[in-house]
There are 2 protein chains.
Amino acid sequence: MSLSDRKRRILKAIVDEYIENAEPVGSKIIAARSRLDVSPATIRNEMSELEELGYLEQPHISAGRIPSTAGYRLYVNELMQNYALSVSEAEAINMALRTQMLELEKMLREFGSLVSRLTNYTTYTLMPGGSSESVKKFDVFLADSQTAIAVIVTSSGLLKNKRIKLCSPADDSEISAVANLLNTYFTNRTLDDISLSLIKRASFEAGHLAPLVTEIASFAGEVLDSTREGDVYLDGISSILRHPEYRDPEKAQELLTYLTDKKGILRHTHEHFSQDSSPGGIRFSIGTENSDEPLRDAGIVYGTYDLGKNLQGVIGIVGPRRMDYAKVAANLNYFITGFNKLLKDSFFNE
Amino acid sequence: MSLSDRKRRILKAIVDEYIENAEPVGSKIIAARSRLDVSPATIRNEMSELEELGYLEQPHISAGRIPSTAGYRLYVNELMQNYALSVSEAEAINMALRTQMLELEKMLREFGSLVSRLTNYTTYTLMPGGSSESVKKFDVFLADSQTAIAVIVTSSGLLKNKRIKLCSPADDSEISAVANLLNTYFTNRTLDDISLSLIKRASFEAGHLAPLVTEIASFAGEVLDSTREGDVYLDGISSILRHPEYRDPEKAQELLTYLTDKKGILRHTHEHFSQDSSPGGIRFSIGTENSDEPLRDAGIVYGTYDLGKNLQGVIGIVGPRRMDYAKVAANLNYFITGFNKLLKDSFFNE
DNA sequence: TTTAGCACTCAACGCCCCCGAGTGCTAATT
DNA sequence: AATTAGCACTCGGGGGCGTTGAGTGCTAAA
């Protein structure tokens, strides 16, 4: 059975009110604010039913009510109205998109800090992960007679480099031979395809530069391995302390530690996306829906960006459970849409 | 006039005690703990004189005393005894050093997180800055027919790369010609030496790949520009909330915002090093000695690492004013010493 | 010069009480 | 049957108040 229209309007009003003021909301306020023209008593009856249905909870008997996780869930799924981006918000995002930096990392950072400022929540960005990643191209050259630089371009467009000290001196032609060798042996192979015996064979061909080949090959392995789970950037950390629900330093520290640790949020995000496989768009993960303890009073809004070839990155915005889902979703959605278009145009022209 | 030996011992005892317990210390405790064999009354007299001299302050009349900034200063300069690293501390640092990562950035991050864990304070690392930086070597190669990758090695050993989309297709030989061109025109030049007319001349020679040359040249400019002030990494942010002086969320947020903003801490560090030009080693900057408001209740312990050619990086450890200077200094010093040795061996073999 | 003794100060704590917002229930009204 | 006015009840929060105890400064004796 679905809720009566009036119950829905009341619930929405309560969530809106609570999101704004962070204080349990009572029947009187709802009666006054919502254009329902009924008395507080009626609202009270409805509220008590909404509580029975699990959408509201009471912090203590003589206080107003606050939305439960289920209440927020209904709110984000059906009740909340589209937040209209202000001109300045849209403009800021457009600006960030226009800057057209071709480095994925930098763009993500830039956007993270932008959204944190716009919304007052903490942002994290996940680089895409997946085991289908492979090396697209190797390059090796000399920085000086004793130092080689190896550069790796992965299939998803990631760039990584490493400085390697040579045991025995080499000249340019030797080094470019090594680069060729690497390109023939190791390109277009996923991590699982790079076996020890392959490395052995390749380095055998390299003569006195065998150690260099081995080292670069294992560097490639590292890079591919690290892309498996992706990397995390955080921004707007100090926003956490702005919200009254994190007034308690213990609570704040718990969340902060969890977020800066990166492992937890990484696992959690993967988990969320593996079970909620609804198509693109904005998703939410609210309060007790989160299995990780530090997030059980928090809310997360997710968006995904697409790098082709099944590679997906995630942007997440973390706040208290009582966060302004509508506003955050609108901002994130606006950015993600533009970002995905940009990515399609500039990264993958195949 | 310098302080009597007894006053110094009392002051030291007070600082030690306060560092450990974060509570104003009274005469009784000092009489009991310090091996001075005098009565609390005597201590009281001494304390009241120490207060008059500006080394102690009283939070309120009926409480014990806490060290003032001047008190801490005297403590770190003359009183504190060497903290002996525990075996596990030394071992952890050795381990980090042995990992021998040749990427400066990664090493710094690794150490930052290590020290944060060891000491429970927040760590930041500054990449070296200076306007004497130049490009040591360019490399350009094709990732695919429409995308070029440019790699820059700077004189201090920094590695940066960028993906560049081509307007017109090019083949390998054309690209390596571009690389040669860049190397002849732009290597060993500081930012100030790279003029617009130089860029114009170089790109003129590049024919239809002129846009590529211009873009890489300006990328080089960006890189050199960014090395001017260096980059900041933070670690152990959540430690801030562990200390009772930051129980107040407002205070914590102030410091957190200041630190994550990076501009402030960067400027502050430069400022500190420009006026305190004592030779290497560990330095301190305590409480009100800091001109920036958010740091006036904080303490910082600095160490510098050396990249040759007047390039210096800084590692800073931030905590409450009542931080364990001895312990932090010992850890930092141990690391810095080893790190500098390592840097000398592996980065600069000229 | 040191110290015992003592009066004094004041933050912190616990206690109590009151206030008021908000509830649930009941009975009257529509 | 739904709504609402009225009312008793609950309970967290805040203010006032006295107590406690750690710590001080001063004085006078050792």
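Helices (H or I, at least four residues) and strands (E, at least two) are DSSP runs, numbered from the N terminus. With that in hand, take Ala206(B): this residue sits in the loop between α8 (196–205) and α9 (210–229) of chain B. The structure is a predicted model, in which local features need pLDDT of at least 70, side-chain atom pairs count only at pLDDT 80 or more, and totals for chains, interfaces and linings use all residues. Residues are numbered from 1 along each chain as its sequence is written, chains are lettered from A and ligands numbered from 1 in the order in which they are written, and side-chain values use heavy atoms, with hydrogens and water left out.

Stay with Ala206(B) for a moment. Is this residue buried or exposed? Ala206(B) counts as buried because its relative accessibility is 14%. Buried means under 20% relative accessible area, exposed over 50%, and partly exposed in between (1.4 Å probe, protein chains only). Setting aside neighbours within four places in sequence, Ala206(B) is in contact with Leu181(B) and Val213(B). Contact means heavy atoms within 4.5 Å. Tyr258(B) is 52 residues from Ala206(B) in sequence and 46 Å away in space, C-alpha to C-alpha.

Thr269(B) belongs to helix α11 (residues 263–275) of chain B. Its relative accessible area is 1%, so Thr269(B) is buried. Residues up to four places away in sequence are not counted here; Thr269(B) touches Tyr124(B), Leu126(B), Tyr302(B) and Val314(B).

Next come the charged pairs. Side chains of opposite charge can pair when their charged atoms come close. A salt bridge is a side-chain nitrogen of Lys or Arg within 4 Å of a carboxyl oxygen of Asp or Glu. By this rule there are 31 salt bridges over all chains. In one of them, Glu17(B) pairs with Arg33(B), and the closest N and O atoms are 3.1 Å apart. Glu17(B) lies in helix α1 (residues 5–21) of chain B and Arg33(B) in helix α2 (residues 27–33) of chain B, 16 residues apart. Glu17(B) is buried at 10% relative accessibility, whereas Arg33(B) is exposed at 55%.

Lys251(B) and Asp297(B) also meet in a salt bridge, 3.0 Å from N to O. Lys251(B) is in helix α10 of chain B and Asp297(B) is in the loop between β8 (283–286) and β9 (298–306) of chain B, so the pair ties together parts 46 residues apart in sequence. Lys251(B) is partly exposed at 29% relative accessibility. Asp297(B) is partly exposed too, at 35%. Chain A has a network of salt bridges that links Arg6(A), Lys7(A), Glu46(A) and Glu49(A).

Now look at where the chains meet. The size of an interface is often given as the accessible area lost when the parts come together. Buried area is the accessible area (1.4 Å probe) that two parts lose on being put together, summed over both. Chain B and chain A bury about 3,600 Å² between them, with 56% of it on carbon and sulfur atoms. How many salt bridges cross the interface of chain B and chain A? The rule finds 0. On the side of chain B that touches chain A, β4(B) gives the most, with 7 residues. In total, 38 residues of chain B are in contact with 39 residues of chain A.
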